[in-house]
Amino acid sequence: MKAFSFSSSALQPDAYRSELLDAAAGGYVSFEGWVRNHNEGQAVTRLEYEAFEALANKEGERIVAAAIERFGVVKAACVHRVGSLAIGDMAVWVGVSSRHRAEAFAACRYIIDEVKHRVPIWKKEHYVSGDSGWVNCERCAQPTASEDSHDGHHHDHDHGHAAPDYSRQMALRDVGEAGQAKLQAARVLVIGAGGLGVPVLNYLVGAGVGTIGIAEGDSVDASNLHRQPLYSLSDVGKPKADLAAQRLRALNPAIEIRTHERIVAANAAQLLSGYDLVVECSDNFATKFLVNDAAVQAGKPAIFASIYQYEGQLQVYRPDMDSACMRCLWPEATRDGLVGNCAEAGVLGPVPGVLGSLQALEALKLILGLPGQLRDQMLLIDLLTLEQRKLKTTHRVDCRHDASRALASAPATDLEVSFGDLRPAVAAGYEVIDIREPREVAELPIAAAASQHIPLGTLLADDASLNRQGKYLLVCARGSRSRAAAEHLREHGFSHAYSLRGGLAALQG
Ligand SMILES: [Zn+2]
């Protein structure tokens with residue numbers, strides 16, 4: 001028989017026992033675990049076990065092999081039930097045959113203890129009250145408010161209902177009640193919930209930042225866990241954004257945590273529009289430059305970090321302080337392909353942990369207005385030698401962020417207008433101009449009276465067909481092209497050119 005296996009039907013201890021019989025062994029010990037009818041004061045009616053079998057089998061096999069080697073026994077095996085079990089059903093069986101009984105007992109005990117602690121198996125208990133709850137295997141996962149373990153004695157069962165206590169940070173003279181109120185009012189978007197994002201999220205949530213967005217499209221991989229301590233082995237394969245939000249809500253139920261899709265060019269402007277500050281925690285330069293450009297465009301501060309093996313870099317873009325953006329330093333687009341990512345180059349877990357912690361610190365310093373904020377320097381830190389340097393960064397006059405910034409900080413503060421429907425816009429005297437490409441218009445036509453279609457390229461090349469006194473509402477899919485186009489028209493003497501904020505995506509219905 002296999003050293004470790006799962007069974008979805010009733011366990012067969014007699015059959016397993018005959019498999020372990022060995023003429024060389026003088027003794028045989030077995031352990032049988034049964035479904036009991038109560039747990040931590042709740043009456044249990046039945047339960048279900050679920051396992052991520054590919055991973056669980058490997059871990060189970062390692063445990064049994066270690067027991068055989070460590071205790072010098074002849075044979076050992078373990079079978080675990082999965083599926084739906086009734087009270088009294090056998091949930092787990094362990095058998096060991098050995099020359100000596102002391103080793104047999106010890107190996108059997110070792111196997112059951114290790115299986116319970118290390119193999120990713122989820123247990124769902126059904127109670128007499130009609131309630132049910134998933135109970136994580138004891139050490140595979142941190143219990144949270146919604147998945148609280150019922151068989152542990154070390155958990156504070158009230159933690160899901162307790163109010164957050166910020167007293168240790170409020171005791172700082174620079175924080176106090178006023179600082180805490182600033183944190184509560186802050187809205188921070190965190191791009192990526194991986195090696196950098198996990199410490200950032202943990203500390204910002206703990207500090208009581210009132211609104212936190214998580215933009216992440218990946219699922220947990222077992223290779224992430226050494227540097228992403230928010231997740232556990234039993235999370236492998238599950239989406240990070242939802243898991244992180246669930247864990248972080250348990251850490252601080254008093255704040256709002258929103259999850260978003262992975263950031264891409266098409267949603268970047270929209271994503272940033274709901275936040276005051278961006279913390280960039282992705283593992284690739286394409287995303288970092290995308291976030292850089294979106295932050296420059298929106299005129300919002302952004303905190304960047306990147307790591308390479310034992311080294312890290314930290315940079316803060318401050319549009320209000322004429323600081324350099326990432327393109328001022330690296331005008332040649334992305335460096336992906338030149339610099340390895342964690343998978344290729346390798347990384348020790350604490351390296352992103354340190355850099356992510358520094359990002360969280362800069363975010364808190366910025367929100368609280370503390371002295372010493374990183375603004376026109378880049379911090380380089382070597383975590384092998386523990387040496388650090390700060391390099392002066394200069395805003396390059398030819399950086400294209402000037403052009404973007406000119407748009408973002410245009411004197412025309414009324415450039416964008418919001419409507420939930422185009423009819424009131426028409427009623428208010430706007431002439432609607434759809435500047436999308438013909439293909440987009442064909443896919444999703446707009447049904448507004450007094451509208452015309454002038455693709456962006458045509459409009460920029462020749463605005464002669466328009467009247468400089470006209471009151472125009474430019475419309476595109478998400479509001480960024482129309483904003484640029486309205487800006488262009490304003491610069492060319494159209495003082496009543498406007499852009500529909502958020503584009504067609506922001507319209508209701
Ligand atoms: Zn720049």
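Start by selecting β4 and strand β8 (residues 121–127): the two pair in the antiparallel sense over seven bridges. The model is predicted. Within this pairing, pick A51 and look across to I121 in β8, its bridge partner.

Two bridges join β3 to β4 (residues 42–51), and the strands run antiparallel. N39 is bridged to Q42 in β4. β3 and β4 form a hairpin with two residues between them. Select E40 in the turn, where phi is positive, about 50 degrees.

Leave the strands and turn to the nonpolar cores. The largest has 48 residues, and L204, V209 and Y231 have the most contacts inside it. Colour α12 as well: eight residues of this core come from that helix, the largest share. Then show the surroundings of V209. Leaving aside residues up to four places away in sequence, V209 touches L183, A186, V188, L204, I255, L364 and I367. Another core, of 29 residues, lies apart from the largest one; A51, A76, C78 and V119 are among its members.

Finish at V347, in the loop between α11 (342–345) and α12 (350–368). Is V347 buried or exposed? V347 counts as buried because its relative accessibility is 15%, under the 20% cut-off. Select H226 too: its C-alpha atom is 9.4 Å from that of V347, although the two residues are 121 apart along the chain.

Definitions and conventions
Residues numbered from 1 in each chain as written. Predicted model: local features only at pLDDT ≥ 70, side-chain atom pairs only at ≥ 80, totals over all residues. Heavy atoms only, no water. Helix = DSSP H or I, 4+ residues; strand = E, 2+ residues; numbered from the N terminus. Buried < 20%, exposed > 50% of the residue type's maximum accessible area, 1.4 Å probe, protein only. Core = buried A, V, L, I, M, F, W, Y, C linked by side-chain atoms within 4.5 Å. Contact = heavy atoms within 4.5 Å. Pairing = 2+ DSSP bridges.
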